[in-house]
Amino acid sequence: VILRIFGPPEGEYATTLTNLIETGVWKSEAELVQAYLESMRYAYGEKVRGSEAQKTFDALLSKVDVVAQIRDSTDYEITDLDHYYEFLGGLAKSVESTKGAKPMVLVADTTKERIKVEDVGEAIKRGVITRILNPKWINGMLKHGYSGATKIADRIEYLLGLAATVGHVEDWMWNDVAGKIVLDEKVSEIIKKENPWALQKMVRRLLEANARGYWHASEELLEKLKRKYQEIETFLEEMTG
């Protein structure tokens, strides 16, 4: 029997890995791997549809040296969708767990005439610089009010998902996200006015990134974030009370 594809059970979509990142209710990266494997261990091939094949999947994962993702649209960077950390990250982390060694993780950019293959770290760096930390992008999102603030908060969450699965989210990225968005008085006030829940989520994600060891923030910066979180909580209590 030739098994060509592994994925969720027939009729289902995606994985439960994103639920763990979204809720923050995971204690170790091993739980992320388990969530990915439990969702993606069903085999598809000739005369086989959605058959559970965990042992075969594990055997194949243990032989993987390179994990690759094709980027075929300029609309999305690797930091713009949770599916990137979910599938590229989930697969890479599962290979690392099963094999005991990290695979090479590459992104093939096919959006231009000449295909460019780059390390996932470079792809993350480009996404952070051109989107999350780009003043034009931030201001563009702010013009969309509630939904724009939600989009900014989502990107910070995806950054955490990437940090947990493929790594390469450097301290300066977290530092700049904190400084240019949640601790920037002008930007944070607009977000607080339009969508205070999104601002609360942003600060919570930054604190979580530090607590999980993906960001080594200074004590001064952490104190500022904790004060900002308290400020938002008080604001929300007064608003809803």
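Predicted model: local features only at pLDDT ≥ 70, side-chain atom pairs only at ≥ 80, totals over all residues.
**Exercise 1.** Work out how α10 is oriented relative to α11.

*Solution.* 
- Two packed helices are described by the angle between their axes and the distance between the axes.
- Helix α10 covers residues 196-211, and helix α11 covers residues 219-240.
- Their axes lie 10 Å apart, at an angle of about 150 degrees.
- Angles over 145 degrees count as roughly antiparallel.
- Therefore α10 is roughly antiparallel to α11.
- The crossing of the two is left-handed.
- Residues making the contact include Trp-197, Val-203 and Leu-207 of α10 and Leu-225, Ile-232 and Phe-235 of α11.
- By class, the residues of this contact are 13 nonpolar, two polar and four charged.

**Exercise 2.** Work out how α8 is oriented relative to α9, and find the residues that meet.

*Solution.* 
- Helix α8 spans residues 171-182, and helix α9 spans residues 185-194.
- Their axes come within 6 Å and cross at roughly 70 degrees.
- Angles of 65 to 115 degrees count as roughly perpendicular.
- So α8 is roughly perpendicular to α9.
- On the α8 side, the contact uses Lys-180, Ile-181 and Val-182.
- On the α9 side, Val-187, Ser-188 and Ile-191 take part.
- The contact has four nonpolar residues, one polar and one charged.

**Exercise 3.** Find the buried residues of α3 and say where they fall around the helix axis.

*Solution.* 
- Helix α3 runs over residues 54-61.
- Its buried residues are Gln-54, Phe-57 and Leu-61.
- Seen down the axis of α3, these buried residues fall within an arc of 65 degrees, so they line one face of the helix.
- Among the elements covering them are β1 (3-7), α2 (29-40), β3 (48-52) and α4 (82-99).

Definitions and conventions:
Residues numbered from 1 in each chain as written. Heavy atoms only, no water. Axes fitted to C-alpha atoms, helices over the stretch in contact; angles between N-to-C directions. Helix = DSSP H or I, 4+ residues; strand = E, 2+ residues; numbered from the N terminus. Parallel < 35°, antiparallel > 145°, perpendicular 65-115°, else oblique. Left-handed = near helix turned anticlockwise from the far one by under 90°. Contact = heavy atoms within 4.5 Å. Nonpolar A, V, L, I, M, F, W, Y, C, P; charged D, E, K, R; others polar. Buried < 20%, exposed > 50% of the residue type's maximum accessible area, 1.4 Å probe, protein only. Arc of directions from axis to C-beta.
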